[in-house]
Amino acid sequence: MTPSIETVEAQAASFRSTFHRLKDEIGQVFVGHTELVDQLLLCFFCQGHALIEGAPGLGKTLLVKTLSEAADLRFARVQCTPDLMPADVTGTNILVETAAGQREFLFQRGPIFANIVLADEINRATPRTQAAFLEAMQERRVTVFGVTHPLDAPFSVFATQNPIEMEGTYPLPEAQLDRFFFKLTVPVPGVHDMAEIMLRTTGEAQGRVGRAVDLDTVRSMLGLIRQVKIADEVMRVALTLVRATHPDAAEAPAEVKQYVRYGASPRAAQAIILAAKALALIDGRYHAATEDVRRVAVPALNHRLILNFHGEMERVSATSIVERVLATASRA
Amino acid sequence: MTGSTATAGILQTVARCRRRMQVVSAARRAAVAVPVAIVTVELLALILRLPAIDTVAITAAASALAVIAAAIPSIVRAPSLRETAAAIDARVQLQDRTVTALQLDGRVDPIAQLVVRDAGARLAGLIPKRAFPLEAPLYFRPVLGASGAITVAWLAIIAAPGSSWFIARDAANAAAGPGMGRSSRAAKSGANTQAAEDSSERAPSVAPGQASVRTEAKREETPVGHETTRNDADKQGRGSEGSQPTSAPSPAATPGRDTGRAAGTSDTGRGATGFAHRMASAAGGVSGGDSASIDGALNHAASAPHDAAYSDKYRVASARAEAAIAQERVPPRLRTYVRRYFVAIHP
C-alpha cells in the first residue's frame, strides 16, 4: 500500500530529528569534527561500511563505539591482529552435547553477526582474515562449512586503520577497499576541541550516551532514503565525477591522467547517489541536488583511486585529486 | 496546491523563463555583434575611403543585420524546458528542484508529489526578469571600448580640415552643382565629365598668356592641402625619365590604376585630375573628356602604335605642356602629374 503524503512527511521529519538526536548524543562523548560525525551517520543510515583512518588517539574507536551505544543496536568489536583467524570473525561449528546426550555440530556465530561491527586496525589482520569480511560486507551473509548464514539488517562494518604504522600491516586490497561506502579521515582536533576533550575526560563528570534510535527506526529510514528522487541531470553529475577519475576518460583532469592508475568503480557512483539522497532528506528535501553530490564526493571517491608510480613517489593524496576532479567538473 | 496545479504552474513559469532567456541571449549577442559590425564598417570605410554619408548608412544597415543575426541563434536554438529548468535552478539556487519536478511530472507516488509541490511553491513568486536580468556579455567592455575608440578615430579623420572625404564632396559639388549626388561614384564621374567638357570647350581659345590667369583662378579648387610634398628637383629628374616609362615607378603606368592616385590625389577626376585634363587639353595632348577617357588613353598608351603621326603629335604636345608648366606657377604636385601623364602616353 502506498503511504500518504502526510505519512511520508512524518517519516522524513522523524528521520531528521533522529539524525540530529544521534548527532547530539555522539557529541556528548566525541568532541568536534561535526562533519566527520555527519558522514559516519550518513554511512550508517545508508547501510554502508566506512573505513576510518587516523593517527592513534584521535578517537576513531570511540566514535564508532559511541554510535553503537546511541543507536540501540547489537555491537561487536574485532581487534584485528596478524593471528586473527577468519573463524574468529565469521564464527565456526563447535561440537556440543545435546540434552539427549548426543553430540552434534552447532554453528557458533562470530562477531560479524552484529548490527555494527568495529574492525579495529583492520590492516593488521592477514589478507585471509580480511577476506572473511569481504562476503559479509558485500553480500551481507557468511558461508561457513558450506552453509550460508544471512546477516541481520542493519549491518555496517566500521573499520579503522592507522596510516602511520605500516610495519607488520597488510594494506587492504583494492577489491576490499571498494566495498567501503566512505573513507573518513579523522583530523587532529584544534586547541578549542582539545580543551573540551580534556575537560570531559580528566574531570569527574564523564559524558553519557543516551539511546536515540532503535532497530525499526533505522530500517524504515533506509527505505525512506531509497525513495528520495534524483533528476537525470544530477545523476549525470555524479556519473561524470566518477568517470573523471579514470585517466583514460576525456573528462579527466591533468592530475588524474598524471597520477591515477585506476579510477573509481560504479560502486562509487552508487555510494555518491545514496549518500546524496540521505543528505537531501536531512536538508528537508525529497530530491537529491548537485550540491549534495558534491558534498559526498570526497569521502566516496578518495579510497577508490589507485595511484600510479608517479603518484606514489610524489606522495600525492587521493583526496587532493578528487578535489581537483570536483573543481574541474564545476567549471565544465 | 494539488499536484497537477503545481505542475501546470511550474511549466508556465519555466516557459516564461525560457522566453526571457531567449531575449537575454539575443541581447547579449547583439551587444557584441553591433559594435563589431560598426567597427568593421568603419575600418572598411577607412580602407576603401568610403564617403562619410555612405558609411553612416552602411553602418546603420550593418547594425540592423547584426541585431537580426544575433536573434537568429536564440530563436533557432531555444533551450529545452529541462535546460531552462536547470538554468532556473542554478540562477535562483533552487537546488535542482525545478529540473527534478519536471522529471517527476505525472508521477503519483507521494515523494514525487512532495517534490513537485515544493518546486511549485518556490517557483510561484519567480519573476523571470529578476531571475534572468540583462547582463553585459563577456568581453563587452573591451569590445565597446575598442569600437568607441575606432568610431571616434573615424569621426576625427573624416572631420579633419582638408580631409579627402570633404574634398571629394566639395569637388563633386563644385563641379556637379547642387543637384548632384555628393559622394557617389556616379556623381563624381559626372562631375569630372562636366569639368573635362568645360575645359575642352575652353581649351582651343586659351592663349598662353591667358592660361596663367585661368590656372591661377582654378588653383583654388586644387587639392593640395593634404598632399605629400616632394622634392621638385626629384620630380624634375623623374620628368626627364619620361622616355623610359617602364622603368619609372609610376602608378598611372599600370593599366586600370586610378589616374588620380598617380598624381597623389585620392580619387579619379577630382580637382587634380580636372586640372591635369585642362593642362593636357591646353597643351593639345591626348586628352579625353573624363577619367574613363584618361584610363582609355593610358590603356591605349600601353599598346600605342608606333606611328609617326602619333609620335609627332606627342612631341608637340609634351613640349607645349613642359613649356606651360615651366612658365606658370603650377603646384609641384601637378607638374609631376602632367609629366607622368606624358610618360604614360609615351609612344
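Colleague: In chain B, what share of the contacts with a separation of 6 or more comes from residues 24 or more positions apart?

Modeller: That share is 71%. Two residues count as in contact if their C-beta atoms, placed from the backbone, lie within 7 Å. Do keep in mind that this is a predicted model, where local features need pLDDT of at least 70 and side-chain atom pairs pLDDT 80 or more, while totals for chains, interfaces and linings use all residues. Residues are numbered from 1 along each chain as its sequence is written, with chains lettered from A and ligands numbered from 1 in the order in which they are written.

Colleague: How many helices and strands does chain B have?

Modeller: Chain B has 16 helices and 0 strands. Both are DSSP runs numbered from the N terminus: helices are H or I with at least four residues, strands are E with at least two.

Colleague: Which element gives the most to the side of chain B that touches chain A?

Modeller: The contact takes 16 residues from chain B and 19 from chain A. On the chain B side, H4 (97–103) and H5 each give two or more residues, and H5(B) gives the most, with 7.

Colleague: What makes H1(A) roughly perpendicular to H5(B)?

Modeller: Helix H1 (residues 5–29) of chain A and helix H5 (residues 110–123) of chain B pack at about 80 degrees, with their axes 9 Å apart. Axes are lines fitted to C-alpha atoms, for helices over the stretch in contact, and angles run from 0 to 180 degrees between N-to-C directions. Under 35 degrees is roughly parallel, over 145 roughly antiparallel, 65 to 115 roughly perpendicular and the rest oblique. That angle therefore makes H1(A) roughly perpendicular to H5(B). The contact is made by A:Ile5, A:Val8 and A:Glu9 with B:Pro110, B:Ile111, B:Gln113 and B:Leu114.

Colleague: How do you know that strand E1 and strand E8 of chain A pair, and how many bridges join them?

Modeller: Two strands pair if DSSP finds at least two bridges between them. E1 (residues 50–53) and E8 (residues 156–161) of chain A are joined by 4 bridges and run parallel, so they pass that test. For one bridge, the partner of A:Ala50 in E8(A) is A:Phe158.

Colleague: Why is one side of strands E2 and E9 of chain A left without a neighbour in the sheet?

Modeller: The open sheet has 5 strands in the order E2-E5-E8-E1-E9 (chain A), with parallel pairing. E2 (75–79) and E9 (182–185) stand at the edges, each with a single partner strand, so one side of each has no neighbour there.
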